[in-house]
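I keep these entries for a reader who is new to the structure, and I set down what I looked up in the order in which I looked.

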Amino acid sequence: MLSKRIIPCLDVREGKTTKGIKFQNNVDIGDPVEMARYYYESGADEIVFYDITASSEKRNIMIDVVRRVAETIFIPFSVGGGIRNLEDMRKVLLAGAEKISVNSAAVKHPDIISKGAEAFGKQCIVLGMDVKFTGKSESIPSGYEIVINGGRTHMGIDALKWAIEAEKLGAGEICLNSIDADGTCEGYELNLTSLISENVSIPVIASGGAGKPEHLFDVLTKGKADAALIASMVHYGTYTVPEIKSYLDKREVKIRSRW
Amino acid sequence: MIAIIDYDAGNLTSVARAVDHLGFKCIITNDTKEISKAERVIFPGVGAAGSAMESIKRLGLDQAIKNALISGKPILGICLGTQIIMEYSEENNSKCIGIIGGRVLSFRFDKNLKNESGLKIPHMGWNSVLLQKNHFVLSDVKDNDEFYFVHGFYPAPDDNSHIIGTTTHGISFASIIGYENIIATQFHPEKSGRPGLAILKNFCVWKPC
């Protein structure tokens, strides 16, 4: 039986992580390669990197980071942020990432999903979705709307409809981020997660809102997610990946317990 | 020298990186001469069986792999490489190389049941392997160690004695197969952390008798 995956997420700007890991002795690691090594060694099942570098000239810094990560860790990792075309995808994959995630570029040009899946295989293409609850309406029957630009731009697209369409286009996985829950540390958006997960046959990674191990339990059971993204709860040293896994194991969620 | 066979199927650099990391020399090649000179051969691959078989035949790699098998040099199949050494794949209705008897089948689940049982296709993520046999290459692997899988089809060898490890995803399927000088995994050892690297490391020093 497949294990539920626990996935630390690292935001990287110009080659440095925006949130370093704070250890109890106040040592702060801000190098994405060292952070990836730390999480790999402590049992993370996969790692997600978001390149939030603003200027496109500095994007090549990320390619170098990806190459160094690939030489350091031997579990899958994905890279998202700023991927606009097949050439961007190819660079990241050749540098050693297992998957690439597309978000706003796919909302604007959905064929990037099908072209990417055809060129590199579905298993490489992760659709990132930023979603906000805006209430049920004629154009948004599920009540959940796709947003971009960190939630500032509403796209008038229903999240459920988009998820189903993206699967048809060839997305191999969905990383579902609730903008409402993101940063609250009060738990994942369970209704949204189960709604999407029950209506697609590809795996769904829940994102946004994780603050304690119980939240992961909820989203992996009630929320029907296949994997859970975590950030501050581990970056700030509040919890470690082994602590989270041991909590889930005690509550009988199947996780990878040896690494 | 270890030859990693390149037949235009996916990103082979991750296998090469893992072998490098373990301190062994390897080359990524589609040259049959290089393959016949190599001490051992890794046959990886991600993608679809149909187009993979076309490239393999065009490059004469089917014969190169058969020769490697006959010569007794260690061969490691990974993922699509493991499926392609079977006789036939349901994926694109493909006739394959056929050095292990049996077929490659598609996971079939009732779509309506998928969320009740939690079974999704492709089978993607970490899953455990039950060892059915002892094997030198698996000497550092414990029963139920987990490995990273990404696949929609699985090998079904005719001869049960060719099944070395099994995994359950709705059904139990052969996740490690082989005999004599060939061993092949449906999962990706190069992406499976410690137990995966242990498999690669042991393969790199394996002397099949």
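What percentage of the 259 residues of chain A count as buried? I found that 53% of them do, where buried stands for 20 or more other C-beta atoms within 10 Å of a residue's own, exposed for 12 or fewer and partly exposed for the range in between, with C-beta atoms placed from the backbone.

I note that this is a predicted model, in which local features need pLDDT of at least 70 and side-chain atom pairs count only at pLDDT 80 or more, while totals for chains, interfaces and linings use all residues. Residues are numbered from 1 along each chain as its sequence is written, and chains are lettered from A and ligands numbered from 1 in the order in which they are written.

For the model I read an ipTM of 0.92 and a pTM of 0.94. Chain B averages a pLDDT (the predictor's confidence in each residue, from 0 to 100) of 93, and 95% of its residues score at least 70.

The C-alpha trace of chain A spans about 55 × 45 × 35 Å along its principal axes.

Last, I turned to B:Glu180, which lies in the loop between strand S13 (171-179) and strand S14 (182-185) of chain B. B:Glu180 is exposed, because 11 other C-beta atoms lie within 10 Å. From B:Ile75 it is 105 residues away in sequence, yet 9.7 Å away in space, C-alpha to C-alpha.

Key. Helices (H or I, at least four residues) and strands (E, at least two) are DSSP runs, numbered from the N terminus.
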